[in-house]
Amino acid sequence: MNKKIVVLIVLAECILAILLVSFFGKVIEETRRDVACQDIYFIDENGLKIEDGVPIIVDIDSDALKPIRYKLKWKIITSKTTEKTVVIETSDKSVSYDYGRGELVISPYCKTSVVITVRTTDGSEKYDTITLIPNVDTKSDVEI
């Protein structure tokens, strides 16, 4: 009789385990769904959206030898987005992005406007672009 009780207890545990896994498995599956980004856009230092077509103007000293650093910020819309990493692309090699510091690195030799794109990596294909315009300060003692 002792063996029959043990077998019944083991059988009841197996059935209970199957029921628990089937119930909690669905709950876990529902919570793990990826949430895609709805929108992404650049923001200024106050956290306000930079409207499309409004460029970033960066002063560049023509005599400077070091690159200029500019803090670039953006906002991903949907707080529940599971993948918040982005890729920064530039149209000119004289401007790059330092992912560690979150800054654009602008060469002192940058003379033309550069298009900067921030693109999500979550598969939503969302991106925003902004134009960086270098304002080159050409100091000269020559008067014409």
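Tutor: A salt bridge here is a side-chain nitrogen of Lys or Arg within 4 Å of a carboxyl oxygen of Asp or Glu. Keep in mind that this is a predicted model. In it, the side chains of aspartate 98 and arginine 69 form a salt bridge, at 3.3 Å from N to O.

Student: Which parts does the pair of aspartate 98 and arginine 69 tie together?

Tutor: Aspartate 98 sits in strand E6 and arginine 69 in strand E3 (residues 68–71), so the pair links parts that are 29 residues apart in sequence.

Student: With which glutamate does arginine 69 form a salt bridge?

Tutor: That's glutamate 103, with the closest N and O atoms 3.2 Å apart. Arginine 69 is in strand E3 and glutamate 103 in strand E7, so this pair ties together parts 34 residues apart in sequence. Put together, Arg69, Asp98 and Glu103 are linked in a network of salt bridges.

Student: Is glutamate 103 buried or exposed?

Tutor: Buried means under 20% relative accessible area. Glutamate 103 has 17%, so it counts as buried.

Student: How many salt bridges does the structure hold?

Tutor: Three. One of them joins the side chains of glutamate 89 and arginine 119, at 3.2 Å from N to O. Glutamate 89 belongs to strand E5 and arginine 119 to strand E8, so parts 30 residues apart in sequence are tied together. Glutamate 89 is partly exposed at 33% relative accessibility, and arginine 119 is partly exposed at 29%.

Student: What else is in strand E8?

Tutor: Threonine 117, for one, lies in that strand. It is buried, with a relative accessible area of 9%. Beyond its neighbours within four places in sequence, threonine 117 contacts Glu89, along with Val87, Ile88, Tyr127, Asp128 and Thr129.

Student: And what about the nonpolar side chains?

Tutor: In soluble globular proteins, they tend to be buried together. Here the largest nonpolar core has 22 residues, and Phe42, Leu72, Leu104, Ile106 and Ile116 touch the most other members. Strands that each supply at least two residues of this core include E1 (39–43), E7 (103–106) and E8 (114–120). Leucine 104 touches Leu72, Ile116 and Leu132, among others.

Conventions
Residues numbered from 1 in each chain as written. Predicted model: local features only at pLDDT ≥ 70, side-chain atom pairs only at ≥ 80, totals over all residues. Heavy atoms only, no water. Core = buried A, V, L, I, M, F, W, Y, C linked by side-chain atoms within 4.5 Å. Buried < 20%, exposed > 50% of the residue type's maximum accessible area, 1.4 Å probe, protein only. Helix = DSSP H or I, 4+ residues; strand = E, 2+ residues; numbered from the N terminus. Contact = heavy atoms within 4.5 Å.
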